[in-house]
Amino acid sequence: MWALTALLLLGPFHTHPATLEKPTLSLHPPWTTIFKGERVTLRCDGYHPPLLELRPISTLWYSGHLLLPSHKKSIEVQTPGVYRCQTRGAPVSDPIHLSVSNDWLILQVPYVAVFEGEPLVMRCRGWYDKMVYKLHYYHDGKAVRYFHSSANYTVPQARASDSGRYQCSGTMRIPVESAPMFSAKAAVTVQELFPAPVLRVTRRAEARGGVAVRC
């Protein structure tokens, strides 16, 4: 009787889908480029077995093809590279590419693609948050916004046409005002929510001819 009761209590905790969705890897703060010496937090959200399971809970972390020693849901990193995570029984997550810069000026863009209609935010950041003056943002080589001093560039409702390569430039007082400096270029992707329908016309094979239309 006791054995049956134990099985009934533990049974539900051992049942989970045979094929799990890959976990979601997120970056905090949500920027793909940081300055040398800074740290960011990576978090892996997916299926994590309950504490009552006999096997230990584990999250696998990868930097490139290297397996990292941590098994926690979150880790802090400061090394450039391609990071992925994996929870037990699930596929490997999508990657996050982290860059580390020694430049005076960096352009920080979202680490994931932005969907149409969502706000697109990026920021031009001076070395360890020094104020940036005469700030220009560029989209595919064309200046799109000017600010007198440090400010984020925001597109309230992004469109697919906002995809492309962005860059920023500005001056800093180190200690006197410098010549204009340029950040490295950063790629931004805006995904369509619903791809435009395609109308296809095919010629019918019947003797009397005609066409077939398919959307």
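A residue counts as partly exposed when its relative accessible area lies between the buried limit, under 20%, and the exposed limit, over 50%. Val-112 has a relative accessible area of 46%, so this residue is partly exposed. The model is predicted. Val-112 is found in the loop between β9 and β10, the latter spanning 114–115. Trp-31 is 81 residues away from Val-112 along the chain, yet 9.2 Å separates the C-alpha atoms of the two.

Turn next to the cysteines. The chain has two disulfides. In sequence order, the bonded cysteines pair 1-2, 3-4.

Start with Cys-44 and Cys-85. Their sulfur atoms are 2.1 Å apart, and the two form a disulfide. This pair links distant parts of the chain. Cys-44 is in strand β3 (residues 40–45), and Cys-85 is in strand β7 (residues 81–87). The two cysteines are 41 residues apart. The torsion about their S-S bond is about 80 degrees, so the disulfide is right-handed. Cys-44 and Cys-85 are both buried.

The other bond joins Cys-124 and Cys-168, with sulfur atoms 2.0 Å apart. Here too the pair links distant parts of the chain. Cys-124 belongs to strand β11 (residues 120–126) and Cys-168 to strand β15 (residues 164–171), 44 residues apart. About this S-S bond the torsion is about 70 degrees, so this disulfide is right-handed. Is Cys-124 buried or exposed? Its relative accessible area is 6%, and a residue under 20% counts as buried, so Cys-124 is buried. Cys-168 has a relative accessible area of 0%, so Cys-168 is buried by that cut-off.

Now look at the nonpolar cores. In soluble globular proteins, nonpolar side chains tend to be buried together. The largest nonpolar core here has 21 residues. Which of them touch the most other members? They are Leu-107, Leu-120, Met-122 and Tyr-137. At least two residues of this core come from each of β9 (105–108), β11, β12 (133–139), β14 (152–155), β15 and β17 (186–188). Strand β11 gives the largest share, three residues. A second, separate core has 14 residues. Among them are Ile-34 and Leu-68, along with Cys-44 and Cys-85.

Ser-63 stands opposite Tyr-83 of β7. Strand β4 also pairs with strand β5 (residues 66–67), in the antiparallel sense, over two bridges. Within β5, Leu-67 is the bridge partner of Tyr-62. The hairpin of β4 and β5 has two residues between the strands. There, Gly-64 takes a positive phi near 65 degrees.

Leu-120 stands opposite Val-155 of β14. Leu-120 is also one of the residues that touch the most other members of the largest nonpolar core.

Conventions
Residues are numbered from 1 along each chain as its sequence is written. Side-chain values use heavy atoms; hydrogens and water are left out. A disulfide is a pair of cysteine sulfur atoms within 2.5 Å. Helices (H or I, at least four residues) and strands (E, at least two) are DSSP runs, numbered from the N terminus. Buried means under 20% relative accessible area, exposed over 50%, partly exposed in between (1.4 Å probe, protein chains only). A nonpolar core is a set of buried Ala, Val, Leu, Ile, Met, Phe, Trp, Tyr and Cys residues joined through side-chain atoms within 4.5 Å. Two strands pair if DSSP finds at least two bridges between them.
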